[in-house]
Amino acid sequence: MFADDSSLFHTFQGGKAEIDLNIMKENVDAITNWCNENKLTINTSKTKYMLFKNRYKKVHISGSITMNGNSIQEVDCTTFVGVHNR
């Protein structure tokens, strides 16, 4: 038995009014390189990201997350191991 789902968590400094997603590029590139070296494939069409933030505080989000030249889509709801999260 095996799992083919993975999660990556990245924290941004609290109290900021702006989040730049481009700073995650180094982490995403490191994961992509590790997968390539270990002959693993990431299905970028199924890869999504979700931001957990205070809904009452205004935060400007800039930049984007890309993997292997493909833009990763933001979602506001997803499932982790069968548990529905918002």
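The largest pocket holds about 1500 Å³ of space. Keep in mind that this model is predicted.

The lining of the largest pocket counts 42 residues. Ser6, Ser7, Leu8, Lys48 and Tyr49 lie nearest its centre. Helix 1 gives the most, with four residues. Now sort the lining of the largest pocket by class. There are 23 nonpolar residues. Twelve are polar, and seven are charged.

Next, turn to helix 1, which spans residues 25–37. Find Asp29 there. Which residue forms a salt bridge with Asp29? The partner is Lys25. The closest N and O atoms of the pair are 2.9 Å apart. That falls within the 4 Å cut-off for a salt bridge. The count for the model comes to one salt bridge. Now look at the spacing along the helix. Asp29 and Lys25 are four residues apart in helix 1, so about one helical turn separates them.

Asp29 has a relative accessible area of 30%, so Asp29 counts as partly exposed. Buried would need a value under 20%, and exposed a value over 50%.

Thr66 is 37 residues away from Asp29 along the chain. In space, the two C-alpha atoms are 9.0 Å apart. Thr66 belongs to strand 4, which covers residues 66–67.

Follow the chain to strand 4, and a loop comes next. This loop runs between strand 4 and strand 5 (70–71), and Asn68 sits in it. What is the phi of Asn68? The value is near 55°, which is positive in a residue other than glycine. Most residues other than glycine have a negative phi. Asn68 has a relative accessible area of 51%, so this residue counts as exposed. The cut-off for exposed is over 50%.

Where is Lys39 placed? Look in the loop between helix 1 and strand 2. Phi of Lys39 is near 55°, again a positive value in a residue other than glycine. Lys39 has a relative accessible area of 76%, so Lys39 is exposed.

Notes. Residues numbered from 1 in each chain as written. Predicted model: local features only at pLDDT ≥ 70, side-chain atom pairs only at ≥ 80, totals over all residues. Heavy atoms only, no water. Helix = DSSP H or I, 4+ residues; strand = E, 2+ residues; numbered from the N terminus. Buried < 20%, exposed > 50% of the residue type's maximum accessible area, 1.4 Å probe, protein only. 1 Å grid on protein atoms, 1.4 Å probe; cavity = no way out; pocket = protein on both sides within 12 Å on 5 of 7 lines; lining within 4 Å. Points joined across faces, edges and corners; volume = space filled by probe spheres on them. Nonpolar A, V, L, I, M, F, W, Y, C, P; charged D, E, K, R; others polar. Salt bridge = Lys/Arg side-chain N within 4 Å of Asp/Glu carboxyl O.
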